[in-house]
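Me: I would like to learn how to read a structure that is new to me, one feature at a time. Could you take me through the one shown here?

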Amino acid sequence: MSTEQKSVPETDTVAREPDGPRPARLTAAAALCALEGCALAAGGVWMLVLGATGDSGDRQQGVTGGVTLLVLALLPLLAARGLLMRRGWSRGPAVITQIMALPVAYSLLQADSVAIPAGIVLAAVAVAALVLLVNQATTRALGIKGPGRAEPK
């Protein structure tokens, strides 16, 4: 046996930055995810304030709903940060967020109120973000390889 140690390539232990500038489509997808996260956070704060200032029956429901929305806001916000930093893992949570937004948009469109414009906007944002997230330039910038395209080690 040889006493020489095999050197581990530096790229295996350290996350490397992808080459070239960030594609505009990736930046736009991150912006849409961040917008959704901020909207969820604002809705959560609004529900908390309404719950805190309402009567005792609505207080528990308002606080529970507000905290739930604030926790749900973390998913698109973390995904947006990951997309901006070009992390491959971030596309999954971003796509999940958009898929979850589509039924919400549909239910808003079924309402007979001022929620209809909100449903239209939410549906448009979710579809646009999905298109941007599955785009080839975005996939390449995140370093995601398709099935059977992994590089041998």
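Me: Which element gives the largest share of the lining of the largest pocket?

Reply: A pocket is an open set of points on a 1 Å grid over the protein atoms alone, where a 1.4 Å probe fits, with protein on both sides within 12 Å along at least five of seven lines, and lining residues have an atom within 4 Å of a point. Here the largest share of the lining, seven residues, comes from α2. This is a predicted model, in which local features need pLDDT of at least 70 and side-chain atom pairs count only at pLDDT 80 or more, while totals for chains, interfaces and linings use all residues. Residues are numbered from 1 along each chain as its sequence is written, and side-chain values use heavy atoms, with hydrogens and water left out.

Me: How many helices and strands are there in the protein chain?

Reply: Helices (H or I, at least four residues) and strands (E, at least two) are DSSP runs, numbered from the N terminus. By that rule the protein chain has six helices and zero strands.

Me: What is the volume of the largest pocket, and which residues are closest to its centre?

Reply: A volume is the space filled by probe spheres set on the grid points, which are joined across faces, edges and corners. For the largest pocket this comes to about 600 Å³. The lining has 20 residues, and Glu36, Ala39, Leu40, Val104 and Leu122 are the closest to the centre. The elements that give two or more residues to this lining are α2 (24–53), α3 (56–84), α4 (91–109) and α5 (115–133).

Me: Why does the span of α2 agree with its number of residues?

Reply: The expected span of a helix is 1.5 Å times one less than its number of residues. The 30 residues of α2 should therefore span 44 Å, and its end C-alpha atoms are 43 Å apart, which agrees.

Me: Is Leu26 buried or exposed?

Reply: Buried means under 20% relative accessible area, exposed over 50%, and partly exposed in between, with a 1.4 Å probe and protein chains only. Leu26, which is found in helix α2, counts as buried because its relative accessibility is 0%.

Me: How many disulfides does a search of the whole structure find?

Reply: A disulfide is a covalent bond between the sulfur atoms of two cysteines, and the search looks for a pair of cysteine sulfur atoms within 2.5 Å. It finds zero disulfides in the whole structure. Cys33 counts as buried because its relative accessibility is 0%, whereas Cys38, at 47%, counts as partly exposed.

Me: Where is Arg86 found, and what does its side chain reach?

Reply: Most residues other than glycine have a negative phi. Arg86, found in the loop between α3 and α4, has a positive phi, near 60°. Arg86 counts as buried because its relative accessibility is 9%, and its side chain reaches the backbone oxygen of Pro21 at 2.8 Å.

Methods
A polar contact is a pair of N or O atoms within 3.5 Å; within protein, one must be able to donate a hydrogen and the other to accept it, and residues adjacent in sequence count only if both atoms are side-chain atoms.
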